[in-house]
Amino acid sequence: MERRDFIKTAGTTTLAMMAAGSLSNCDSPSAKKQKQQTATGKPSVFMTTAITPESLLAIYSMTGRHLKGKVAVKVSTGEAGNQHYLSPDLIKELVLSTNGTIVECNTAYAGKRLKTEEHREVAKEHGFTAIAEVDIMDENGSVSLPFPEGKHLKEDFVGANFKNYDSWLVLSHFKGHQMAGFGGALKNISIGIGSSSGKAWIHSAGKTDNVDELWDNLPEQNDFVESMAEAAGAVMKAIGDNVVYINIMNHLSIDCDCNGNPAPPELDDIGILASLDPVALDKACVDLIYAADTQRSASLRQRIEQQNGTLILTHAESLGLGSRQYELVDINT
């Protein structure tokens with residue numbers, strides 16, 4: 001099935017909802033309705049094929065959740081040399097509308113974002129400090145978030161500044177990933193919010209939180225992917241309902257923004273998707289990849305399958321973090 005047909009089949013026209021005022025940034029009755037599951041019991045995943053600052057604002061509003069207090073905007077600032085990270089020009093208006101602070105954590109691998117000062121310089125070079133304050137959250141170390149339900153991880157280590165924020169806008173560049181298969185909302189709140197030591201903890205499936213020991217303690221692939229889901233669960237328990245998840249499907253390389261020399265995208269840009277359920281959101285994005293042109297999506301599909309990337313969705317669902325069933329709501333006008 002081609003992507004256009006997939007959207008037409010799965011989507012629901014929302015012009016009536018727009019006319020009713022559900023695009024306002026407030027918890028109006030119509031907005032509160034959007035928070036709930038659909039009549040089918042499935043979470044809503046909103047989608048637009050337009051990738052513009054205006055459509056980003058619109059899709060955020062469609063979720064019906066107005067983020068309050070001190071808002072953290074979790075994005076990847078991109079490794080030095082990478083050109084596929086989310087453009088600051090694209091996200092600026094949404095970040096400003098929430099009065100958000102862009103948050104990141106240091107990496108667990110050699111590069112320009114391993115240490116805070118160099119990481120901050122990369123964020124500046126990539127244009128993020130020009131649109132908002134940037135907080136490298138593990139500049140002051142880590143804090144532990146418990147997750148007793150985990151099979152591999154009973155706790156997760158995130159940047160110590162995590163505790164300074166009331167609400168979270170998880171703004172993810174959906175793309176491939178050399179270790180995880182793909183990266184979306186779940187990866188962004190697990191590895192993305194993990195401190196440098198927390199990243200080592202997740203990547204090793206709980207064997208070590210020492211970055212220097214990480215690469216000698218890599219686990220079975222499935223254990224790593226499940227550990228990402230469990231780390232995401234720890235973060236989700238900590239932030240509760242004070243979160244909106246948005247995935248932007250552009251520059252669809254098979255490699256992550258953490259790669260300083262990523263493979264060029266072979267697939268056309270797809271659009272922006274948003275939900276209050278990160279499992280449903282990531283599943284919808286994966287489904288759109290598989291509904292795309294089979295030749296141009298071949299490399300990305302192969303990357304996902306080689307790394308058993310969709311295991312993060314099934315494991316997250318088994319932990320009660322969300323649903324792989326969803327209703328795709330097309331907000332194109």
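Me: Which residue is the bridge partner of lysine 74 in S3?
Reply: The model is a predicted one, in which local features need pLDDT of at least 70, side-chain atom pairs count only at pLDDT 80 or more, and totals for chains, interfaces and linings use all residues. Residues are numbered from 1 along each chain as its sequence is written, and side-chain values use heavy atoms, with hydrogens and water left out. Strands (E, at least two residues) and helices (H or I, at least four) are DSSP runs numbered from the N terminus. S2 and S3 are joined in the parallel sense by three bridges, and in S3 the partner of lysine 74 is valine 103.

Me: What is the bridge partner of alanine 72 in S7?
Reply: Two strands pair if DSSP finds at least two bridges between them. S2 and S7 run parallel and are joined by four bridges. Within S7, the partner of alanine 72 is tryptophan 168.

Me: Why is one side of S4 and of S12 left without a neighbour in the sheet?
Reply: The open sheet has eight strands with mixed pairing, in the order S4-S3-S2-S7-S10-S11-S1-S12. Strand S4 (134–136) and strand S12 (327–330) stand at the edges, so each has a single partner strand.

Me: Over how many bridges do S7 and S10 pair?
Reply: Histidine 173 stands opposite isoleucine 248 in S10. Strand S7 (residues 167–173) and strand S10 (residues 243–249) pair in the parallel sense, and the number of bridges is six.

Me: What angle does the direction of helix H10 make with that of S10?
Reply: Axes are lines fitted to C-alpha atoms, for helices over the stretch in contact, and angles run from 0 to 180 degrees between N-to-C directions. Contact means heavy atoms within 4.5 Å. Helix H10 (residues 278–291) packs on the sheet, touching strand S1 (44–48), S10, strand S11 (271–275) and S12, and the angle with S10 is about 10°.

Me: Which element supplies the largest share of the lining of the largest pocket?
Reply: On a 1 Å grid over the protein atoms alone, a pocket is an open set of points with protein on both sides within 12 Å along at least five of seven lines, whereas a cavity is a set where a 1.4 Å probe fits but cannot get out; lining residues have an atom within 4 Å of a point. The largest pocket is lined by 31 residues, of which Arg113, Lys187, Ile191, Cys256 and Cys258 lie nearest its centre. The largest share of this lining, three residues, comes from S7.

Me: What is the volume of the largest cavity?
Reply: Grid points are joined across faces, edges and corners, and a volume is the space filled by probe spheres set on the points. The count comes to two cavities of 30 Å³ or more. Residues lining the largest cavity include Leu252, Glu266 and Arg296, and its volume is about 50 Å³.
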